Amino acid sequence: MALASASALAADGLPSTGLGQSWPNATDVSASPHWHVYVFERNGIRYVQINDLGGKVRAAFAASNGNFLVLPVGADAAHVATPQEPQTSTARAKGEVVYHDASVNVLVAPLANGATGVYVANGDCKDPIECSSRFN
């Protein structure tokens, strides 16, 4: 049993399984009381998942060496913006930072269509919306 548990953890103690689950067996690292954020790692790639308070998966992405890849997971997967895949925006959304570490900064904001926008940027970015959007 201990061997199985150890194999499900990355070298730095982050879980390597559970991505996409409503209530994964992972620590909630959200910086906001309005969201759940879970971080996983496998083969040196970090995965971040954002869930709403009801456990609904809203979005997830992979991060490695300043590059981000939006995963086809969650109700708002089509509304995730990264520097590599910026979203076009006509107005500045107001939101809140839900996760921040040295390499990743994530802000969540309501969109006019009722969806949730997830803005992902490098950890040193001061404004994830600006760092991951194209403005008209």
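Here is a short tour, going from the whole chain to a sheet and then to a pair of cysteines.

**Before you click**

This is a predicted model, so local features need pLDDT of at least 70, side-chain atom pairs count only at pLDDT 80 or more, and totals for chains, interfaces and linings use all residues. Residues are numbered from 1 along each chain as its sequence is written, and side-chain values use heavy atoms, with hydrogens and water left out.

**Stop one: the whole chain**

Colour the protein chain by pLDDT (the predictor's confidence in each residue, from 0 to 100). The mean is 88, and 88% of the residues reach 70 or more. Now select residues 1-7: the pLDDT there is below 50, and beyond near neighbours in sequence this stretch has one contact in the model (a contact means heavy atoms within 4.5 Å).

Switch to cartoon view. Helices (H or I, at least four residues) and strands (E, at least two) are DSSP runs, numbered from the N terminus.

The protein chain exposes about 7,200 Å², with carbon and sulfur atoms supplying 54% of it; the areas come from the Shrake-Rupley method with a 1.4 Å probe, and for residues only the protein chains shown count as cover. Of the 136 residues, 45% count as buried. Buried means under 20% relative accessible area, exposed over 50%, and partly exposed in between (1.4 Å probe, protein chains only).

**Stop two: an open sheet**

Select β5, β7, β8 and β9. These four strands form an open sheet in the order β5-β9-β8-β7, with mixed pairing. Two strands pair if DSSP finds at least two bridges between them. Look at the edges: β5 (80-81) and β7 (96-100) each have a single partner strand, so one side of each is left without a neighbour in the sheet.

Zoom in on residues 105-110 (β8) and 116-121 (β9), which run antiparallel and are joined by six bridges. Pick out P110 and you'll see T116 of β9 opposite.

**Stop three: the cysteines**

Which residues form a disulfide? Select C125 and C131, whose sulfur atoms are 2.0 Å apart. The rule asks for a pair of cysteine sulfur atoms within 2.5 Å, and the count comes to one disulfide. The link is right-handed, with 100 degrees about the S-S bond.

Are its two ends buried or partly exposed? C125 is buried, at 9% relative accessible area, while C131 is partly exposed at 36%.
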